[in-house]
Amino acid sequence: MKNWYLFLLSLVAAFILFMILSFFYNHTSSEELELSEPIQIVFKSIKGQPMDFWEVVEQGIDEAAKEFGVQVNISGPRYEREINRQINILNAVIDENPPLIILAANDFKRLVASVERADSMGIPVITIDSGIESDIPVSFIATDNIDAGNKAGREMKRLIALNENKIIAIVSHIKETSSAINREAGVREALSSEDIIGTWFCDVETEKAYAITLELLKNREIGGIVALNEVATLGVAKAIDEQQASDRVFVVGFDNAVRELAYLEEGIIKATVVQRPYNMGYLSIKTAVEYLKGEKVETFLDTDSILITKDNMFKREYQELLFPVGNQ
Amino acid sequence: MKKTLMFRTLESRIYMIFTLMIFAAVFVMQLVSFRFTMNTVRNSTLANNRILLGQLVKQIDSYIAGMEQISMAVQDDLQLITFLQNGGDSSSTVYRSIQQRLGNYIEARNDISDIIIVGQAGGIIPGNPDMDLNPWVNIADKEWYRSALEAGGATVVSSSYVQNIVAGRYSWVVSLSREIVSPLDGKSLGILLVDLKFNRIKDLCQSLVVGSKGYNFIIDPDRNYIFHPSQQLIYSELRMEPIDSIYSLLDNENESFYHENDRYFMIETSSLTGWHLISVTYESDIVTDWQYVQISYAFLGLILFLIVGLATNRISSGITRPIRKLQKIMQSVDTGEFQLVGAIKATEEIRELAREYDTMVGHIRKLMDENIKEQELKRKSDLKALQAQINPHFLYNTLDSIIWMGEMGQNREVVLMTSALSKLFRISISRGRELINISDEIAHVESYLTIQKMRYKDKFEYEIDIDPDLYKSSILKITLQPLVENAIYHGIKEVDHKGLIRITGEEFGEKIKLEVVDNGKGMTEEELENLNTMLSSTPGSSGLFRQGTGVLNVHERIQLYFGNKYGLSYFPSSGGGIRIMIIIPRAELEK
């Protein structure tokens, strides 16, 4: 008659014992997120130049994935302009029903439909670098491009004061991209008292930016060019270099391609605003893990930008940012 | 409900207390040993890590030392010293051969990025003839250059940095630089720069790590990070290393590691470079299978519990089973039987209890027997008190009649009446016995009737019709006579016609039914009913009883002797009188 409760009591006691013992080590291990499927990441482009922006983002992602113990899978189109391909890749990724998708959108509007589909399937989406025109993404992790543009604009304002030629032109990369829109807005805000003759779009092609700059240089009153991304900056710098116009036209660029840094050293580019792609990658995974654990996440996370000039480019704290330690 | 009820028993209480105590004991024991196991595992892992860290320091030191040997070899190159002292043309053959030798070193050691000699005069000899110097670099501003000058001939190891001395190339290096001093006059001839590929150090740091998450990092004496796997997180303050706390380990001999949250830090200092190498180990990597340890401990706990539980159960039921047995026997008191426990298999305490109980039961039994005897005595005395005595009026009336008949010379009648009286007394005495044969009772009542009939000059007739089978049955003596007396005085005497008294007797199931019927005055139905109610109520409550106390006495005596089932009841008789029915048990008289 008592055997059943004897047995039960012992089981319950052992169970309690087990639970209490678990408690002592649980605080370190239970924090780890257990995912059956990897987090899917869709980049703007993959397999670009070594140590380019997206490769550094990937390093940050890998570091975070290691730290938080999650699996990730990265995909994306070959080139940034392949919007349709990115949509197809995103759709394929959605079909795999991952726990979460991290997306760097190549188009502000055209990826919305796919993201809505992911949302209807209950897959959360985090956008990085470039967002989409939708409230669905649980978080947007990017450089505050208005602020970054502002930094470039303020530097240009400082430089143009030293220059006889006062007219400023903007060379942007692509028309309908949020980064281009916001950077331009930031630049224009900082240069509101200056004379900006217009914005040209190079469609993410160095040659086009180069050609635009050659055209612009025909205007002898041009004193400053703000180039809004890496490709635009390289095109502009190439033209200035060839025309040996660095004394009369001051260039403020964006990003930190090795060639750009050489131009910076040579004085062809006066300053460049660099983002923190490593942090972007790291924070995207950190945020994803926090979201999947049910914690509250910021809807927008600024990964910050830094104005780099010839004077500070070899400073200890920026060296790693500008020259990522790769497998040289 | 059932549970709370169960914990009220001694057995479950013993069990509960034992279980709780053992649970606490096992719990504390397991906790201590679990912690101990974990500590042991952690300490041995950390001890291994320390060895690993030591190896890392050694490898980096030997790497730097190897580079330093090269720099020594270069500086001892007499041809070079002569060249630097004299100042030479970059197109000269001496220059070429020096460059050739430097180039050989670079080629021999693929971990050397560059070897460059900066002459005091400003001439630069690059180890790689194909490289272009970066025109935008001012060598005199470079830290490796300045610190080498300050060191005055000693080797200076730089922190890690981006070397931009080659045009269009930005490579991460650690620089070894030293001043080349003339062996002749001690004058400074220039600076030798050996750039080591930083990747080599990075790879070393990344190869000797523990677990999936552990990592190493290097800090120079000025607390600059030479290497950290996620340097950018450090500079943007997304990750913090508790440098101060780690450094305090250097002054503290007793502590070999610093523990913060889930990370363990250990520090070693390279004597050659002054660098601090710090290894970071994650708790989750140290004890990867703590769950298994935990499960086995829990399983052990379960088994211990089952064993102890069963043992407790045996102990508790061993205590309570004899008590239960005792209790069951004692329950017989409820039903009125007083069973003895007798010999019982139990502990001495319980046996003692049983013995005391048995003694008690013995006493109770004795007391009960005595009580029964007393009751018997009391009943007998009651019966005696109730026994109808021969009415003295009847006696002297009868004696008067005898005298009167004697005077009249009616000798025959005198004899008859006297013998009837004599018989009447003999039977009523019956040697003191309560019970007599029915035949004796008949003789008794007949004697009485004979006397009365003679006295009342044939005022009535009587009939006795009792089944002869019943003659041997027993009856309380003087049962019928008071009824007959009643019938004469209250029935027949009151009427003018000749009376008739009938006495019948027959078997009535297991009982005997006797009836005394008269045709006298009789009673109303209401009176009869009242009488019957009175008879069935408590004996002795008969206040005014018109019928005389004799009849009531008979009833009470029957009930006292045989029980309430028996006794008298009144009925109207068909002849106008009353019929009294007597029910008594049928039993033979014992001899």
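Strand S15 (residues 511-518) and strand S17 (residues 578-585) of chain B pair in the antiparallel sense over seven bridges, where strands are DSSP runs of E with at least two residues, helices are runs of H or I with at least four, both numbered from the N terminus, and two strands count as paired if DSSP finds at least two bridges between them. Within this pairing, B:Glu515 has B:Met581 of S17(B) as its bridge partner. Helix H16 (residues 480-491) of chain B packs on the sheet, touching strand S14 (499-508), S15 and S17 of chain B, and its direction makes about 20 degrees with that of S15(B); axes are lines fitted to C-alpha atoms, for helices over the stretch in contact, and angles run from 0 to 180 degrees between N-to-C directions, while contact requires C-beta atoms, placed from the backbone, within 7 Å of each other.

The structure is a predicted model, in which local features need pLDDT of at least 70 and side-chain atom pairs count only at pLDDT 80 or more, whereas totals for chains, interfaces and linings use all residues. Residues are numbered from 1 along each chain as its sequence is written, and chains are lettered from A and ligands numbered from 1 in the order in which they are written. The model scores ipTM 0.80 and pTM 0.64; for chain B the mean pLDDT (the predictor's confidence in each residue, from 0 to 100) is 83, with 94% of its residues at 70 or more.

The sheet that holds S15 and S17 is open, has mixed pairing and comprises five strands of chain B in the order S12-S14-S15-S17-S16. Its edges are formed by strand S12 (460-466) and strand S16 (567-572) of chain B, each of which has a single partner strand, so one side of each is left without a neighbour in the sheet.

A further open sheet of five strands in chain B, with antiparallel pairing, has the order S7-S6-S10-S9-S8, and its twist averages 30 degrees from one strand to the next. Strand S6 (residues 215-219) and strand S10 (residues 276-282) of chain B are joined over five bridges in the antiparallel sense, with B:Ile218 bridged to B:Leu277 of S10(B). Helix H8 (residues 243-251) of chain B lies across S6, S8, strand S9 (263-269) and S10 of chain B, and runs at about 50 degrees to S9(B).

Terms used: Two residues are in contact if their C-beta atoms, placed from the backbone, lie within 7 Å.
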